[in-house]
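Reader: I am new to reading protein models. Can we go through one together, step by step?

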Amino acid sequence: MAEAPGMVESSSRALHEQLQRIYVLLDDGDRRALRGAGVSPTQYTLLRHLAASPSDALTISRLAEVLLCTRGNATRLVRRLVEHGLVCTRGDESDLRVVLVSLTEEGRRRLGIAERALDKANHRRFSGLSEQECSALHDLTQTVADVLGKDLENHP
């Protein structure tokens, strides 16, 4: 039996509201955990992407893509991290119009502090879930992330 269109909209809205609530709770908890490392959740994400880059550097355009923001916002974020000594910038040797961003030693050190703080906070926050619940939740959220990623690709 097919669901009435209103029921689908209602359940979609309820799901969105629940995910939004989870996002707000996670974001607030992340801010609190990262305070000791002196970075925001967005700055932490940027530092993590730089650390994971095989070339040890990413362009401003690539950072904007992974952070889902404009190049202008990525540039401002990088500028603040440069001011705090966590990243450095340089021109690409093959194309001087391209700006490459990489971690400094201080950036690596602070990223390590941030990772340990988040690991501790996540262990505490999720300790009320069983191993089976964590696994099921991981699988479901992976599916949601995949669906949302495809929607973003199809509706930029």
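Author: Helices (H or I, at least four residues) and strands (E, at least two) are DSSP runs, numbered from the N terminus. Residues are numbered from 1 along each chain as its sequence is written. The model is predicted, so local features need pLDDT of at least 70, side-chain atom pairs count only at pLDDT 80 or more, and totals for chains, interfaces and linings use all residues; side-chain values use heavy atoms, with hydrogens and water left out.

Reader: Which residue just after H4 takes a positive phi?

Author: Look just past the end of H4. The phi there is about 75°, and the residue is Gly-85.

Reader: How many helices and strands does the protein have?

Author: Along the sequence the pattern reads α-α-β-α-α-β-β-α-α. The count is six helices and three strands.

Reader: What is the radius of gyration of the protein?

Author: This value is taken over C-alpha atoms, and the globule rule is 2.2 Å times the number of residues to the power 0.38. For 156 residues, a compact globule would come near 15 Å. The C-alpha atoms fill a box of roughly 60 × 35 × 25 Å along the principal axes. The protein's own radius of gyration is 19 Å.

Reader: How far does H4 reach from its first C-alpha to its last?

Author: H4 covers residues 71-83, which is 13 residues. The expected span is 1.5 Å times one less than the number of residues. That gives an expected 18 Å, and H4 comes close to it, reaching 18 Å.

Reader: Why do the buried residues of H4 line one face?

Author: Buried means under 20% relative accessible area, exposed over 50%, partly exposed in between (1.4 Å probe, protein chains only). In H4 the buried residues are Ala-74, Leu-77, Val-78 and Leu-81. The arc is that of the directions from the helix axis to the C-beta atoms. Seen down the axis of H4, these residues line one face because they fall within an arc of 100°.

Reader: Is Leu-68 buried or exposed?

Author: Leu-68 is in the loop between H3 and H4. Its relative accessibility is 66%, so Leu-68 counts as exposed.
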